[in-house]
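Here is a short briefing to read alongside the sequence and the 3D view. Please keep the structure open while you work through the points.

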Amino acid sequence: MSRLVVSHLSFGYRRRLVLSDLSLDMESGQLVAVVGPNGAGKSTLLRLLSGWLVPVSGQVLLDGQEVRDLAPAERARKVTLVPQMTEAAHDMPVEELVALGRLTRLSLGQRLLLRPLSDADQAAIESALMAADVKELAKRPFRELSGGERSRARLAVALAQEASWLLLDEPEAHLDPGHAQAVMVCLAAQARAGHGVVAAMHDLTLAAAFADRMALVDQGGLVAWGTPAEVLTSSLVRQVYGGQLRVIPHPEGGSPVVLPTAQPSGGKEA
Amino acid sequence: MTLWGRPRQVLLWSLLALAVSLLVGLWVGPTPVSFGQLVWSLAHPNQSLVSVIIWQIRAPRVLAAALVGGSLALAGLVFQALLKNPLADPYLIGTSSGASLGATLMLMLFPVLAAIPAGAFVGAVAAVLAATAAARRRSGTSVVTVILVGYALSVILGATTALLLTLHANDLQTIFFWELGGLGGVLWPQVWELAAALGVGSLGVLYLHRELDAVAIGEEEAHALGIDVARVRWQLIILAGLVTAVAVSASGLIGFVGLVAPHVARRLVGSLHRYALPVAVLGGASFLILADTIARSIPHIGEIPVGIVTALLGGPFFIVLLLRSTRLEGGR
């Protein structure tokens, strides 16, 4: 089991603090959803966890080691990040993209194209393609894929890395409900298999349905941490997101479901 | 579109194109040589006039054209990936002018022939750093802004070089050579220098080809894949600076080869650097051999700087790409 501990983490650009004094203690084998309104600091938190950003103060400890201090190749085997998807698209075939996940393990001969990828690398690529359900897209250029296919292909790259921690920034963005559900099923399976999975999400209902633990972040600070049912209470949701949101239990399983209401001032809870 | 099989096919055609270009370059010249004579003197070097012309005058020049063309294409390919800018070219973003200023300064301060490429190298790397700093100042800096800043940089560095040369030697001929680029008078030692630089550059970039793929996708993605982005960026700048410096020391400022060759290569084999790299280098080599052959075959004039030919061929290509990229800007 692996632990990812965030202690008293602060980060800011110039004088504006984006995260202030945030602490979290996460265990592998669980799916953690980080939720919060736009600009709450979710993406910044993931970037700090991946070692891409340097905190102003505080620590990110992966099994007791500061993530920033790990050598890049070693870090890539422990933690990887799938950033938010951008518009820019390239024409790399999916399987070549996924092969990039094995980049730090290549030998000199493989880098200079004198030797093929090792069997272990091939196997990892193959199983990543299967797990993210992009096997039949392997030869297709990334540019030609639909939004949902792109999102799964990017997930496959991270899976090929076989890192113990998987960080994802809005894995459900741009996906229709079916595809969003499929991605979450895949992430939950990764968590069951023993990986640590941390996903920043906007869709509270989807997050609540799959997450084992949930962190609610607002204005750079941690507002609540616990099971989805503990975190997504009506009062907290309204406090953080404002508006007239309602929270009801899911008819199957009872996880919180967040509902918008159309009435401008009504919507009192029964 | 099938990507498998096709890159290998394109690679073979590029090799064939290079072989044909080399033969054409050796064949064409002020002294008429029949094709039979050419093949005979290539196979049997001797002291005859034709053999001397081919081996001592045309061969070093044609090979230098190939190596300079390959070097500029390699540098262009690296800059385009590094700056995530399809319009980057060592000439357009000021790297060549930086190399030229460095070489000129070295020529004045330490007039040792071997020191010139070293000065060019320092100048090239400094110019790349200036251009990339402009590109990275803000995440939202547009493709065209970077090119404009790079081009302004190139003009400033070029003017400084011209000023130094005017003050120092009042040598307009030399200025003309630097500014427009030319391959006249290249000898075998320079060919070896160019070959060594391009060899090191190509091997280095090949070693880093997957890093280049990853960085072209995004730096945050590259970091997540376990790449030390800052270090790889430095390594690539040094490799591209090296090939640009040696090319500029041998031939002055030749534009647009580094723009056209990588573009055509990516169009043919896609942007995977494993394929785009050899195709761009071979294509750049063939392109410059043919441009140089045209430059020295203008009737009644004798020879014009090859930079004029590449600018006339590559300039319109650049304008088309520029218009297309400004149209796409909204989506980026």
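Predicted model: local features only at pLDDT ≥ 70, side-chain atom pairs only at ≥ 80, totals over all residues.

**A hairpin in chain A**
- In chain A, strand β1 (residues 3–13) and strand β2 (residues 16–27) run antiparallel and are joined by eight bridges.
- One of the pairings links Gly12(A) with its bridge partner Leu17(A), which belongs to β2(A).
- The two strands form a hairpin with two residues between them, and in that turn Arg14(A) has a positive phi of about 50 degrees.

**Where chain B touches chain A**
- The contact involves 25 residues of chain B and 26 residues of chain A.
- On the side of chain B that touches chain A, the helices α8 (188–207), α9 (209–217) and α10 (219–224) each supply at least two residues, and the largest share, five residues, comes from α9(B).
- By type, the residues on this side of chain B divide into 12 nonpolar, six polar and seven charged.

**Two packed helices in chain B**
- Helix α3 (residues 49–82) and helix α13 (residues 273–295) of chain B pack with their axes 7 Å apart and at an angle of about 135 degrees.
- The two helices α3(B) and α13(B) are therefore oblique to each other, and their crossing is right-handed.
- Residues making the contact include Ala66(B), Gly69(B), Gly70(B) and Ala73(B) of α3(B), together with Ala280(B), Gly283(B), Gly284(B) and Phe287(B) of α13(B).
- The residues of this contact between α3(B) and α13(B) divide into 16 nonpolar, four polar and one charged.

Key. Residues numbered from 1 in each chain as written. Chains lettered and ligands numbered in written order. Pairing = 2+ DSSP bridges. Helix = DSSP H or I, 4+ residues; strand = E, 2+ residues; numbered from the N terminus. Contact = placed C-beta atoms within 7 Å. Nonpolar A, V, L, I, M, F, W, Y, C, P; charged D, E, K, R; others polar. Axes fitted to C-alpha atoms, helices over the stretch in contact; angles between N-to-C directions. Parallel < 35°, antiparallel > 145°, perpendicular 65-115°, else oblique. Left-handed = near helix turned anticlockwise from the far one by under 90°.
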